[in-house]
Amino acid sequence: MTDTNLTAVLYAKDDMRLEDQPVPEPGPGEVLLEMQQVGICGSDVHYWTHGQIGHFVVKAPMVLGHEASGVVSKLGAGVLNIKVGDRVAIEPGVPCRICNYCKTGRYNLCLDMKFCATPPYHGNLTRYYVHAADFCFKLPDHVTFEEGALLEPLSVAVHACNRAGLSLGNTVLICGAGPIGLVNILTAKAKGASTVCVTDIDEARLKKAKEIGADYVIKINSKDPLVAAQAIEETVGDKVDISIECSGAAQSIQTAICATKSGGVVVLVGLGQDTVELPIVNAAIREVDIRGIFRYVNCYPTALAMVASGRVNVKPLITHRFKLEESLQAFEAAKRGEGIKIMIKCNK
């Protein structure tokens with residue numbers, strides 16, 4: 001194997017292989033990228049260990065990876081927004097641009113979305129990768145490639161806070177202190193939240209949440225959502241204005257609804273089982289809005305500005321670093337739940 005374009009390919013459940021692939025050619029409106037950093041997301045691990053997420057099933061070999069940054073190495077026809085040598089963050093979802101969702105600015109809901117490492121579309125855990133130029137965002141010189149890759153999960157938090165209508169002075173509950181919960185802490189604080197309370201069942205995650213800016217952390221011991229909600233209210237001093245649920249656990253969603261003020265908002269970020277039982281009358285008679293999010297939309301520029309300005313520091317989230325040749329070891333570490341964010345260096 002010459003290793004011109006070493007690539008991590010998922011063939012089936014528990015079958016990921018490193019293999020050399022041809023270097024692709026960019027088409028019109030596309031750029032060839034020499035990949036630099038790719039973060040491992042929980043969805044990557046889930047595809048590797050289960051072979052599917054919901055109705056997205058790995059039916060053919062698929063390249064993994066979607067939290068990424070790279071250097072532009074070749075331009076396709078008509079590309080004007082970036083040039084060869086530019087350092088870029090890669091927004092991994094490319095919509096059709098012509099449907100009603102795209103035309104009205106909600107392109108994340110596009111039914112024709114081509115999203116990296118979501119079957120049947122390939123990801124970018126590889127040496128060279130082709131992507132739409134208008135979904136590549138130029139990084140300032142002082143923003144690292146690792147920070148560029150982390151704009152992907154940070155954009156999820158930006159979208160969640162936007163959907164919540166989070167503004168200056170709000171009190172916020174974040175359920176779940178995994179990577180997405182942590183970027184929501186950073187984003188909520190950057191957008192002016194006066195108080196951020198974080199819940200989890202893991203002490204180490206709560207410790208990290210406190211380190212990066214959470215005002216209060218609560219370890220959930222009771223399986224009763226009303227008991228958990230009462231603990232949150234006693235800690236914060238009142239019910240919260242906004243709850244951002246990042247675990248997907250049914251009990252946690254129930255807690256979020258019960259802990260939110262009348263007239264407040266609950267945003268569902270974490271994805272768990274398809275059907276869960278909710279205290280819907282509690283939410284209805286108190287006018288608690290329950291809103292979902294799907295990835296992000298028009299959030300990369302904001303996420304980049306937050307990092308570039310120094311308002312948000314994502315560097316403490318990176319706990320492990322591997323080379324592309326060590327991808328299997330990196331995924332094994334992620335599967336074991338080690339650290340927070342694992343980064344893979346793709347260039348030689």
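Ile-244 is in contact (heavy atoms within 4.5 Å) with Ala-160, Cys-161, Val-172, Leu-173, Ile-174, Cys-175, Asn-184, Val-267 and Val-269, leaving aside its neighbours within four places in sequence. The model is predicted: local features need pLDDT of at least 70, side-chain atom pairs count only at pLDDT 80 or more, and totals for chains, interfaces and linings use all residues. Residues are numbered from 1 along each chain as its sequence is written, and side-chain values use heavy atoms, with hydrogens and water left out.

**Nonpolar cores**

- A nonpolar core is a set of buried (under 20% relative accessible area, 1.4 Å probe, protein chains only) Ala, Val, Leu, Ile, Met, Phe, Trp, Tyr and Cys residues joined through side-chain atoms within 4.5 Å.
- The largest nonpolar core has 59 residues, of which Leu-151, Leu-154, Ile-185, Val-198 and Ile-244 touch the most other members.
- Elements giving two or more residues to this core include α4 (151-164), β13 (171-175), α5 (179-190) and β16 (240-245); helices (H or I, at least four residues) and strands (E, at least two) are DSSP runs, numbered from the N terminus.
- Helix α4 supplies the largest share of this core, 8 residues.
- Another core, of 34 residues, lies apart from it and has Ala-68, Val-79, Ile-90 and Leu-324 among its members.

**Sheet β2-β1-β6**

- Three strands form an open sheet in the order β2-β1-β6, with antiparallel pairing; strands pair if DSSP finds at least two bridges between them.
- The edge strands, β2 (15-20) and β6 (62-63), each pair on one side only.
- Strand β1 (residues 6-12) pairs with β6 over 2 bridges, and Val-63 in β6 is the bridge partner of Val-9.

Methods:
Buried < 20%, exposed > 50% of the residue type's maximum accessible area, 1.4 Å probe, protein only.
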